[in-house]
Amino acid sequence: MNSTERNKDETKEAGVGAVSRLFAVLRCLGECPEGGERVTQLAQQVGLSQPTTHRLLRSLMDEGMVEQDARSKRYRLSLEFFALAARAGQTGNLRDVVRPSLLRLSASLGDSLFLLARSGFDAVCLDRSEGPYPIRTFTGDIGGRVALGVGQGSLAILAFLPEEERDTVIRYNLPRLRDFHLYDEVMLRSEIDNVRRLGYASRNTGVLEGMAGLAVPILDREGRAVAALSVATISDRLNAERMPTVVDMLKREAAAISQKINPFDPVLRRPSQVFGQHSKPGDDV
């Protein structure tokens with residue numbers, strides 16, 4: 001290799017290193033407290049010298065990706081950064097992402113599959129893929145909603161909400177759940193613990209005679225449930241021998257979907273608007 005080629009390679013490596021350092025700073029800022037972070041702490045966290053970190057921050061500020069609070073002198077990601085991220089995330093909503101999974105599972109299992117999303121204190125059916133067996137469900141057709149905790153899909157979502165948020169939903173929904181003669185608080189919390197331990201919800205309440213269901217949560221990258229994949233079928237088709245296979249198939253699809261979730265997806269924020277429905281109390285919780 002001659003000197004010219006060697007200089008080109010070294011310049012290329014230096015450029016790649018600079019990009020890596022810039023992204024290290026951006027990721028660190030993304031994990032900082034709301035008020036931002038000082039350059040000294042940022043330098044320690046990314047493993048760079050303070051002058052180098054300061055130079056990178058100035059470059060990011062020049063591009064509008066980072067801003068500095070005039071009083072605290074702390075650095076934070078700018079609104080322009082979040083606007084850019086939002087524009088980048090406008091491709092593919094949850095229904096589009098999950099649709100192939102619904103079709104695969106329905107074809108493989110020969111049963112009906114549902115996508116439910118959290119909407120305030122409720123779960124809304126966003127999509128379904130019909131199987132050959134006649135079934136009844138709590139949510140009914142696409143657009144139907146049910147209180148979180150009623151049915152396997154909504155129970156899977158409820159179980160994997162953050163603890164404080166889950167407690168708020170439980171307190172609000174308990175009177176609604178009693179209308180279905182499903183739970184008292186002790187039973188509901190015990191069922192939630194069981195779902196969290198197993199990673200899926202499956203319970204034949206007998207409310208829908210002859211029907212059985214199983215659901216797994218769809219988690220965002222922070223491990224918070226935003227939706228659920230649910231299978232509904234006749235009781236004989238969800239026996240102890242078949243259940244482990246169904247659980248494994250749903251969990252694998254849910255894990256793949258989780259990696260594709262767009263955090264800016266408006267469907268996740270207001271699922272009911274997909275159907276042109278008016279939002280109800282609690283939709284913004």
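I looked up Ser106 and found its side chain in a polar contact with the side chain of Ser129, at 3.4 Å. A polar contact is a pair of N or O atoms within 3.5 Å; within protein, one must be able to donate a hydrogen and the other to accept it, and residues adjacent in sequence count only if both atoms are side-chain atoms. This is a predicted model, in which local features need pLDDT of at least 70 and side-chain atom pairs pLDDT 80 or more, while totals for chains, interfaces and linings use all residues. Residues are numbered from 1 along each chain as its sequence is written, and side-chain values use heavy atoms, without hydrogens and water.

Ser106 sits in helix α5 (helices are DSSP runs of H or I, at least four residues; strands are runs of E, at least two; both are numbered from the N terminus). I noted Ser106 as buried, at 9% relative accessibility (buried is under 20% relative accessible area, exposed over 50%, partly exposed in between, with a 1.4 Å probe and protein chains only). Beyond four places in sequence, Ser106 is in contact (heavy atoms within 4.5 Å) with Asp111, Leu113, Ser129, Glu130 and Gly131.

I then checked Asp111, which lies in the loop between α5 (94-109) and β3. Asp111 is buried at 2%, and its side chain makes a polar contact of 2.7 Å with that of Thr233.
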